[in-house]
There are 2 protein chains.
Amino acid sequence: MTRILVVEDEPDLQRVLDYNLRQGGHEVTVTRLGLEGVKLAREQRPDLVLLDLMLPDVAGTEVCKQLKEHPATRGTPVVMLTAKGEEIDRVVGFELGADDYVVKPFSVRELLLRIQAILRRGRADDEELEPMVEFGRLKIDRGAHRIWVEGVEIELTALEFKLLVTLYDRRNRVQTRSALLDDVWGIQADITTRTVDTHVKRLREKLEAARDYVETVRGVGYRFVATPEEAAPA
Amino acid sequence: MTRILVVEDEPDLQRVLDYNLRQGGHEVTVTRLGLEGVKLAREQRPDLVLLDLMLPDVAGTEVCKQLKEHPATRGTPVVMLTAKGEEIDRVVGFELGADDYVVKPFSVRELLLRIQAILRRGRADDEELEPMVEFGRLKIDRGAHRIWVEGVEIELTALEFKLLVTLYDRRNRVQTRSALLDDVWGIQADITTRTVDTHVKRLREKLEAARDYVETVRGVGYRFVATPEEAAPA
DNA sequence: GGGGGATGTCACACTCTCGTCACATGATCG
DNA sequence: CGATCATGTGACGAGAGTGTGACATCCCCC
């Protein structure tokens, strides 16, 4: 049984999330106020916090910061709900340390799936599986937003990190540029698909020795591949 | 070209949706009755169903449930249209399995964005159903866009891959050149049917040991056969 | 207010793909 | 056995798809 705290002021969304998370076997607490959220989080120690960026009383960023500052709630994963154009970079970046974010408008079903994924990771944490993913010469710490290539830490921007993780999560499957735009930039980003190319290029530059993990599939999109040089058939 | 089934009884909304979806390049079928919608969905296999929660004959939730129960329509994404205060909670998420919902009154632009996003993702889900196909000496990974012949990976262009998969999906049935043009190249084929020959040739070249899977049926077209060696002459 | 990093966009070069043609080969039928 | 049509093959040029560097803009931090 996992406990989830939802900090969200839209009644419709409140109901949908509440109902479905309960249906999924979680214990749910809902509040519409940020400060109340911080207080509840400290008292109840939920396993995950769903946090709207835009709240009636205080900014979601502030809530997130307070959660990450207080020892009781520091380890709790936070998923932010953001509108387009809001300060996504700060949210996911090192400053606030949210574990994931979803850009509004989003598919509710997708959000629920994502929450489950994060909770799975969390549980794995308790055992001995990895919140830290190691993959050949690449190591990813999703929580801390850090990566290493052959043991050397590489600094990525928030976008680059999100792009890498998105590719990694669907590894061995081609991702079209539009699919990447949806997942990384959000569904209502009116952005050229060429932008993806540019960021892939920047990502590869920084990955250096691990650049071959990101493969181009001409005419289709990009693919994160398990074994760059040696195409190992199962 | 994607097909969208609209189940909606308000004439005004019908018109707006029909117009805008067509404008967005979709093929649209409209019905005002839920049961009719279920029937149409099974017959036409649309790529997405837009479903009003409040219908004259049966509840939208019931329609949704039936769609998700029947194997022919289980994989089809459903977007629910609801009024504020209607039982949104049960609709989305995992109980009824609708992929997303929109609350009336909604912005058409937002609805279109959601539909596009779901369609992009929906295709990916289809691939997930059977990601890896093994067939004699041939192995196809649709999700990754990769194939192996006797364990060795073969690089195909996007077109060649699509041609192979199309032939495979209709295996043991002859495909005329124009049928292949429609399925692989798209409806707007101002292309010589001879082009098919050339690409079949290129495909065979790359398939090497597996080249005999693609059979020529003289005077008709091509066929992907199960058992290359025993091509029984009539 | 200035500096610097992050991000989106554009233009250009280059590679590869793909459609088409011309010709070779092979099959079918009288 | 030859005529004729269907298919296989190779070559070529146009065009699309992609990588790359440069630039403008925005925002944060000092």
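**Protein surfaces around DNA strands C and D**

In this predicted model, 26 residues lie around DNA strand C, and those that come nearest are A:Thr157, A:Leu159, B:Thr157, B:Leu159 and B:Thr192. Two or more residues are given to this surface by each of α6 (158–169) and α8 (194–207) in chain A, and likewise by α6 (158–169) and α8 (194–207) in chain B. Divided by class, the surface near DNA strand C holds eleven polar, eight nonpolar and seven charged residues.

Within chain A, the two helices named for this surface also pack against each other: the axes of α6(A) and α8(A) are 10 Å apart and form an angle of about 90 degrees. Because angles of 65 to 115 degrees count as roughly perpendicular, α6(A) and α8(A) are described as roughly perpendicular to each other. From α6(A), the contact involves A:Leu159, A:Glu160, A:Leu163 and A:Leu164, which meet A:His199, A:Arg202, A:Leu203 and A:Lys206 of α8(A). By class, four residues of this contact are nonpolar, three are charged and one is polar.

DNA strand D is surrounded by 18 residues, of which A:Asp197, A:Thr216, B:Asp197, B:Lys201 and B:Thr216 are the closest. The elements that give two or more residues to this surface are α8 of chain A and α8 of chain B. The most is given by α8(B), with five residues. The surface near DNA strand D comprises ten charged, six polar and two nonpolar residues.

Conventions. Residues numbered from 1 in each chain as written. Chains lettered and ligands numbered in written order. Predicted model: local features only at pLDDT ≥ 70, side-chain atom pairs only at ≥ 80, totals over all residues. Near = placed C-beta within 6 Å. Helix = DSSP H or I, 4+ residues; strand = E, 2+ residues; numbered from the N terminus. Nonpolar A, V, L, I, M, F, W, Y, C, P; charged D, E, K, R; others polar. Axes fitted to C-alpha atoms, helices over the stretch in contact; angles between N-to-C directions. Parallel < 35°, antiparallel > 145°, perpendicular 65-115°, else oblique. Contact = placed C-beta atoms within 7 Å.
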